[in-house]
Amino acid sequence: MTLVVVLAEPPREGLVLPRLAETSPLSAAEAADCYAALLADAVFAADQSGGDVLVNYRDDDALPDEFVDADEAAEEAVRAVVDRAAEDPAAVRFEVQVGSTRDGRVGNTVTHLLREEGENSVLVLDGNAPLVGRKDVDSAAMRLRTSDVVVGPATDGRVWTAAFCEPIDFDGAFATPAVETLVDRAADADLDVDFLPSYRTVETGSDLADVVALIRARAKAGRIVPKFTTEFVREHGLHVVDGEDGPELVRD
């Protein structure tokens, strides 16, 4: 059984999705609410999959002082999101991220789980890929039966997931383009690599515009949509129009 690790940040204004607030009609506070919706959908997909779920979060000691909330600990903020999304929140494991960089945090988590806790495979899921569903997580677990590393590409060379049966050298492993760099690290370790379908991760207004257009199209067609992100899109009246420089995200 593959352990699904969901990377999470406390959804605080200015801390999460800062480029989204700069490149979309959303304010910094709304971008934080958007992140909470995206994270909830990631937790839901992981929770509905066949694997156990571990939420790996940054606690207040690892955050810049301006993002520490005296009234709500980082763990409490993340647990509030998980409580919305998980069928049985008490069954979800929580562990603090260790490391000063993304490479370090992911590397420390994956290596510890595989080598120290005896997990057979670990899938790391970013909390900002709302269109990923349970079947995608389960598909990654299936591919890990025949491959050592499985990568889920996103746009602009990013990844929405990376899964491992064996650790790699994580130093700089997520350097741009992450999808290629991760494969390089796997090849250096003589590990087999497989790939999953590509999904958009949300960091900018352009990213969110693509997600909004697809969500609205799927909803009109009666297809499955990510619950929490769809609610956010509807509550904020987000839609895409033909702007002067191409598709543009706007609100009612």
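Predicted model: local features only at pLDDT ≥ 70, side-chain atom pairs only at ≥ 80, totals over all residues.
**Entry 1**

Then I asked myself which ring pairs with Trp-160. I found Tyr-199, with the two centres 5.6 Å apart and 75 degrees between the planes. That angle is over 60, so the pair counts as edge-to-face.

How many aromatic pairs does a search of the whole structure find? I got 3. One of them is Tyr-57 with Phe-94, also listed as edge-to-face, at 6.4 Å centre to centre and 65 degrees between the planes. Tyr-57 sits in strand E2 (residues 53-57) and Phe-94 in strand E3 (residues 93-96). The pair spans 37 residues of the chain. I looked up burial as well, and both Tyr-57 and Phe-94 are buried.

**Entry 1: charges over rings**

Which residue lies over the face of Phe-94? I found Arg-79 there, at 3.8 Å from the ring centre. I also noted Arg-102, whose charged end sits over the ring of Phe-174, 4.3 Å from the centre.

**Entry 2: Phe-44**

Arg-79 turned up again when I looked at Phe-44. The C-alpha atoms of Phe-44 and Arg-79 are 13 Å apart, and the two residues are 35 apart in sequence. Phe-44 belongs to helix H2 (residues 28-48). Away from its sequence neighbours, Phe-44 is in contact with Ala-85 and Phe-228.

**Entry 3: H7 against H8**

Next I looked at two helices, H7 (205-220) and H8 (residues 227-235). Their axes come within 11 Å and cross at roughly 100 degrees. Angles of 65 to 115 degrees count as roughly perpendicular, so that is my note for H7 and H8. Which residues meet here? From H7 I listed Val-211, Val-212, Ile-215 and Ala-219, and from H8 Thr-229, Thr-230, Val-233 and Arg-234. By class, the contact has 5 nonpolar, 2 polar and 1 charged residues.

Thr-204 is in the loop between strand E7 (193-195) and H7. I found 10% relative accessible area for Thr-204, so I marked Thr-204 as buried. Leaving out its neighbours within four places, Thr-204 touches Arg-19, Leu-20 and Thr-23.

I finished with the backbone. Most residues other than glycine have a negative phi, and most peptide bonds are trans. So I looked for exceptions. Asp-156 has a positive phi of about 60 degrees, and Asp-190 has a phi near 60 degrees. Asp-156 is in the loop between strand E5 (149-153) and E6, and Asp-190 is in the loop between H6 and E7. Asp-156 has 62% relative accessibility, so I put it down as exposed. Asp-190 has 70%, so Asp-190 counts as exposed as well.

Where is the cis peptide bond that I noted? This bond runs from Thr-176 to Pro-177, with omega near -5 degrees. Pro-177 lies in the loop between E6 and helix H6 (178-188).

Methods
Residues numbered from 1 in each chain as written. Heavy atoms only, no water. Helix = DSSP H or I, 4+ residues; strand = E, 2+ residues; numbered from the N terminus. Buried < 20%, exposed > 50% of the residue type's maximum accessible area, 1.4 Å probe, protein only. Contact = heavy atoms within 4.5 Å. Axes fitted to C-alpha atoms, helices over the stretch in contact; angles between N-to-C directions. Parallel < 35°, antiparallel > 145°, perpendicular 65-115°, else oblique. Nonpolar A, V, L, I, M, F, W, Y, C, P; charged D, E, K, R; others polar. Phe/Tyr/Trp six-rings, centres within 6.5 Å; stacked < 30°, edge-to-face > 60°. Lys NZ or Arg CZ within 6 Å of the ring centre and 35° of its normal.
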